[in-house]
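Open the model in your viewer and keep the sequence panel beside it. The stops below come in the order to select them.

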Amino acid sequence: MTGRTIAIGDIHGCSTALRSLLQAVDPGSNDLIVTLGDYVNRGPDSRGVLDQLIDLRRRSRLVSILGNHDEMLLQTRGGSTDLAPRPAGGLLTRAASEIDRPQIALTEGHFGFLEACDDYFETDDHIFLHASYDPVLPMNEQPTSLLRWQSLRRGVPGRHVSGKTVVAGHTSQKNGKILDLGHLRCIDTYCYGGGWLTALDVHSGEHWQVDVRGRARPRRSLH
């Protein structure tokens, strides 16, 4: 039996929101959950987010994309394992200083989860990625600088050459609404900053939203 395909936007340490959202979505064994990255930093409990996702992977079909904040965290592997990203490879951004307070030591299991995350994921109809893409390149040729770092505010790409609909995060929609351009949907709805954590059923358009305290909005649809 074919289940739902549900994408979840940038979580950013909002563990209470994630717990409430998963309760609302109530994923079944036939559902596919795709998380779009940025599990850590900015919110209050990055470790709690990773713990929930590790548990979800054990009991359901979960695909996790790596975000730029997660990439920065993995760059700490050579030094401190405190949850404090260090800029590497010349990547120095404001995000590098936006870390959890207090710092929370992570385990090998947390790092292992992040190391197993994907750059992108494709189904027959959709492409899931963290940030952006080059519309004329096949997905296996996309530079990670686009997939993880490029903001849609620097330019919205056209329809991907595959014809598939792209579902992305990274570019926070501070009005709390999904950006729906038809060929591209951005579901980072700014949970840590006072907006919502969003889960989208990519086929039906049904979506669920909860705030950082886990309070739910009425269920809505894009259609």
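**Before you start.** This is a predicted model, where local features need pLDDT of at least 70, side-chain atom pairs count only at pLDDT 80 or more, and totals for chains, interfaces and linings use all residues. Residues are numbered from 1 along each chain as its sequence is written, and side-chain values use heavy atoms, with hydrogens and water left out. Helices (H or I, at least four residues) and strands (E, at least two) are DSSP runs, numbered from the N terminus.

Stop 1: Strands of a sheet pair through backbone hydrogen bonds, either parallel or antiparallel. Now go to strand 1 (residues 5-8). Four bridges join strand 1 to strand 2, and the two run parallel. Pick Ile8: Thr35 in strand 2 stands opposite.

Stop 2: Zoom in on strand 6 (residues 165-168), which pairs with strand 8 in the parallel sense over three bridges. Ala168 has Cys186 in strand 8 as its bridge partner.

**Stop 3: helix 2.** Select residues 46-59. The 14 residues of helix 2 reach 20 Å from first C-alpha to last, close to the 20 Å expected at 1.5 Å a residue (1.5 Å times one less than the number of residues). Colour by burial: buried means under 20% relative accessible area, exposed over 50%, partly exposed in between (1.4 Å probe, protein chains only). The buried residues of helix 2 include Val49, Leu50, Leu53 and Ile54. What covers the buried residues? Among the covering elements are helix 1 (15-25), strand 3 (61-64) and helix 4 (108-115), with contact meaning heavy atoms within 4.5 Å. Asp51, in helix 2, is partly exposed at 38%. Draw a line from Asp51 to Ser15: their C-alpha atoms are 9.1 Å apart, across 36 residues of chain.

**Stop 4: aromatic rings.** Rings of Phe, Tyr and Trp (its six-membered ring) pair if their centres lie within 6.5 Å; planes under 30 degrees apart count as stacked, over 60 as edge-to-face and the rest as tilted. The count comes to three aromatic pairs. Show Tyr39 and Phe113: with centres 6.0 Å apart and planes at 70 degrees, the pair is edge-to-face. Tyr39 is in the loop between strand 2 and helix 2 and Phe113 in helix 4, so the pair ties together parts 74 residues apart in sequence. Tyr39 is buried at 0% relative accessible area; Phe113 is buried at 4%.

**Stop 5: positive phi.** Most residues other than glycine have a negative phi. Arg42 has a positive phi near 75 degrees. Arg42 lies in the loop between strand 2 and helix 2 and is partly exposed at 28%.

Finish at Tyr190, in the loop between strand 8 (184-186) and strand 9 (197-201). Tyr190 also has a positive phi, about 65 degrees, and is buried at 18%. The charged end of Lys174 sits over the Tyr190 ring, 4.7 Å from its centre (NZ of Lys or CZ of Arg within 6 Å of the ring centre and within 35 degrees of the ring normal).

Technical notes: Two strands pair if DSSP finds at least two bridges between them.
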